[in-house]
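Dear colleague,

I am passing on the structure below, and my notes on its chain-to-chain interfaces follow it. Please read them beside the coordinates.

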Amino acid sequence: MEGTLNMIGMGLAGTGAAIGIGLIFAAYVNGVARQPEAQRVLQPIALLGFALAEAVFILAIVFAFVL
Amino acid sequence: MEGTLNMIGMGLAGTGAAIGIGLIFAAYVNGVARQPEAQRVLQPIALLGFALAEAVFILAIVFAFVL
Amino acid sequence: MEGTLNMIGMGLAGTGAAIGIGLIFAAYVNGVARQPEAQRVLQPIALLGFALAEAVFILAIVFAFVL
Amino acid sequence: MEGTLNMIGMGLAGTGAAIGIGLIFAAYVNGVARQPEAQRVLQPIALLGFALAEAVFILAIVFAFVL
Amino acid sequence: MEGTLNMIGMGLAGTGAAIGIGLIFAAYVNGVARQPEAQRVLQPIALLGFALAEAVFILAIVFAFVL
């Protein structure tokens, strides 16, 4: 059996990050659909949430090399 | 088979943290879409929730080295 | 193969704890977005729920060392 | 490979318990946000649900030592 | 590697049981929040649902010893 278990852990963190980003952008799309003029306010919030959820995945990538 | 099982555990905790962050920011986006003037009140709540969900991931990183 | 299976169990408990915290704070954000004056009543409820969900993770950390 | 498979089973039960607690408290927060005067009625229901969901985790801790 | 795979199976059944209990009590809390006078009717339904979801976990405990 080849490969490393670290890749499984990184993949699991990626699962959550992708679902979380999906939830945030789904809410962003819904919000703009309901109030198109709100896009200017919602965009930075959605991107902040994206960055914070993605950070979990970036940390997992880093620790996959460290551990 | 290389790698450490601890990375799998860290990845699993990351799954939950990222989904939790996604849920919180999705609610934040929805709340601001419905009431743009509520952003000032919602931001600290969303960031508190983010910090508490991220804390689970940070604790898992720490114990991945300890265990 | 390094690492301990206990870390996987701890990570699994962390998955649930972080998703649970996310659900509670998402509801908290939604509630305050709908009724900003309800924040005073909702905050202790959200923090009680956070503490009870986090307790599952804390117990799992403790038993990861005991088992 | 160190650790015990029992800890994985305990962690899996913890996943469900923590998500369940999150669902119950999210509903509790939403209910109080909609009707602040309902808190007196909803609190025992939320705590009963918490106790029954937590019981699954407690049973899993017990059987992690027995099995 | 210590422990028994049966405990993992029991934990998986516990995951589902606890999430199911959470869903039932979340709906119960929501129902009473909307119509406080419906509590008398909703309580036996919620407890029946709890018993049926918990039965899955109890059966899994029994078969963890039998198998």
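Between chain B and chain A the count of salt bridges is zero, a salt bridge being a side-chain nitrogen of Lys or Arg within 4 Å of a carboxyl oxygen of Asp or Glu. Across that interface there are three residue pairs in polar contact, both residues at pLDDT 80 or more; a polar contact is a pair of N or O atoms within 3.5 Å, where within protein one must be able to donate a hydrogen and the other to accept it, and residues adjacent in sequence count only if both atoms are side-chain atoms.

This is a predicted model, in which local features need pLDDT of at least 70 and side-chain atom pairs count only at pLDDT 80 or more, while totals for chains, interfaces and linings use all residues. Residues are numbered from 1 along each chain as its sequence is written, chains are lettered from A and ligands numbered from 1 in the order in which they are written, and side-chain values use heavy atoms, with hydrogens and water left out.

Chain B and chain A bury about 3,100 Å² between them, with 80% of it on carbon and sulfur atoms (accessible area, 1.4 Å probe, lost on putting the two parts together and summed over both). On the side of chain B that touches chain A, the elements giving two or more residues are α1 (5-34) and α2 (39-66) of chain B (helices are DSSP runs of H or I, at least four residues, numbered from the N terminus). The largest share, 22 residues, comes from α1(B).

For chain E and chain D, the buried area is about 3,100 Å², of which carbon and sulfur atoms give 80%. Zero salt bridges are found across this interface, and two residue pairs are in polar contact, both at pLDDT 80 or more. Here α1 (5-34) and α2 (39-66) of chain E are the elements that give two or more residues to the side touching chain D, and α1(E) gives the most, with 21 residues.

Turning to chain C, α2(B) and helix α2 (residues 39-66) of chain C pack at an angle of about 5°, with their axes 12 Å apart (axes are lines fitted to C-alpha atoms over the stretch in contact, and angles run from 0 to 180 degrees between N-to-C directions). The two helices are therefore roughly parallel to each other, the class for angles under 35 degrees.

Best regards

Terms used
Parallel < 35°, antiparallel > 145°, perpendicular 65-115°, else oblique.
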